[in-house]
Amino acid sequence: MNQFRRTLLALTAASLAFGASLAQAQDIKPRLIRFGYGLAEASNQGRATKVLAENVEKLSGGKMKLRAIGGAALGPDTQMQQALIGGAQEMMVGSTATLVGITKEMALWDTPFLINNTKEADALLDGPIGDKVKAKLEEKGLVGLVYWENGFRNLTNNKKPVAKLEDLDGIKLRVMQNAVYLDSFKTLGANAIPLPYSELFTALETKAVDGQENPYNTILSAKFYEVQKYLTVTNHVYAPWIVLVSKKYWDGLSKDERAVLQKAAAISRDFERKDTREEASKALGELKAKGMQVTELSAAETGRMRDKLTHINAGIATNVGMELWNETQAELAKIRAK
Ligand code: TK8
């Protein structure tokens, strides 16, 4: 045997042994993971959760099971976050916007008109900036796995068509429990009222509030069209969801178990974004068919809205830190130049 063949054989044997030891060494215990989310099972959030559950089970050889609990049955986002921090619940998916009270850097994703399209969203969230913000969660007792797409938010209400800024005057508008959203809509002239998502449908139905803002997907899956007549296409912000694990729970997992969760989360992210975008591309037509009256903002009005909201950027920059703010702008410029 020549030297070459001997080396080749040795390499093959080594890699076979490595592969076998990987399969055997899978340090995975039977585990039951309670995974909470806010939307209905029949929603983009529910569908992606199912994909996540299937992959956790598959990748762990059936040992790890994810029990999905939707419809905010485990409480609104903020309550689940506390349960994760305390170790009473293992995982969840929810809005980054409701995390700002825990990790101030999350407010970056609340910046109006920061992200213009899904290409920018994916590159920014999956790149160094998204990682940096996600990493900040750990010191607070949470582990962020991946960002899912909630999407570009649009405005609905039951009072009147909103075609210009002034039309927002006097509209009682539910916003997420988040200072940037509160300031943004106050700045725009609405009577902004923070409420958890789990109370939103009833608040609209009982007319405790006149309107709300969410992506088309949610307006459709949550049946907001049943209690909201007017939709204005504002696309005022791109909102992510984030898949979270309790840090207490994470610290007790083996390397292999963590790898299962990480891999399954990445698969669910790719599925979720594709599914959400497909649904969003058809949703406006469906909402019209359900009877919603849709108003497209003129370019001039969008410009006025942008200008007004720019004033709150300085506050966001101070809160998330000037360094992170500047890095984000530089990263976006890089992404846009590609
Ligand atoms: C679901 C919420 C929802 C968000 C909101 O728990 O609260 O309006 O858009 O997706 O996180």
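1. A polar contact here is a pair of N or O atoms within 3.5 Å. With that in hand, look at W241: one of its polar side-chain atoms sits 2.9 Å from an oxygen atom of the ligand. Keep in mind throughout that this is a predicted model.

2. In N214, a polar side-chain atom lies 2.6 Å from a ligand oxygen. For D77, the distance between an N or O atom of the side chain and an oxygen atom of the ligand is 3.0 Å.

3. Which residues surround the ligand? The list reads G38, L39, D77, S95, N150, R153, R174, M176, Y197, N214 and W241.

4. Now the overall layout. Domain 1 puts 37 residues into the contact, and domain 2 puts in 39.

5. How much area do domain 1 and domain 2 bury between them? About 3200 Å², with 62% of it on carbon and sulfur atoms. On the domain 1 side, L108, P112 and F113 stand out: they supply 20% of the area that domain 1 buries against domain 2, more than any other three residues.

6. The interface has polar features too. Eleven residue pairs are in polar contact across it, counting pairs with both residues at pLDDT 80 or more. On the side of domain 1 that touches domain 2, helix 4 (118–126), helix 5 (128–135), strand 4 (142–152) and helix 10 (255–289) each supply at least two residues. By type, the residues of that side divide into 18 nonpolar, twelve polar and seven charged.

7. Salt bridges next. Side chains of opposite charge can pair when their charged atoms come close. Between domain 1 and domain 2 the count is two. K132 and E327 form a salt bridge, with their closest N and O atoms 2.8 Å apart.

8. The whole structure has 22 salt bridges. One pairs E90 with R34, where the closest N and O atoms are 2.7 Å apart. E90 is in the loop between helix 3 (77–86) and strand 3 (91–95), while R34 is in strand 1 (residues 31–36), so this pair ties together parts that are 56 residues apart in sequence.

9. Last, K247, which belongs to helix 9 (residues 247–251). Leaving aside residues up to four places away in sequence, K247 touches E138, G141, L142 and V143. Where does N157 lie relative to K247? Their C-alpha atoms are separated by 39 Å, and the two residues are 90 residues apart along the chain.

Definitions and conventions:
Residues numbered from 1 in each chain as written. Predicted model: local features only at pLDDT ≥ 70, side-chain atom pairs only at ≥ 80, totals over all residues. Heavy atoms only, no water. Contact = heavy atoms within 4.5 Å. Buried area = accessible area lost by both parts, 1.4 Å probe. Salt bridge = Lys/Arg side-chain N within 4 Å of Asp/Glu carboxyl O. Polar contact = N/O pair within 3.5 Å; in protein donor to acceptor, adjacent residues only side chain to side chain. Helix = DSSP H or I, 4+ residues; strand = E, 2+ residues; numbered from the N terminus. Nonpolar A, V, L, I, M, F, W, Y, C, P; charged D, E, K, R; others polar. Near = heavy atom within 4 Å.
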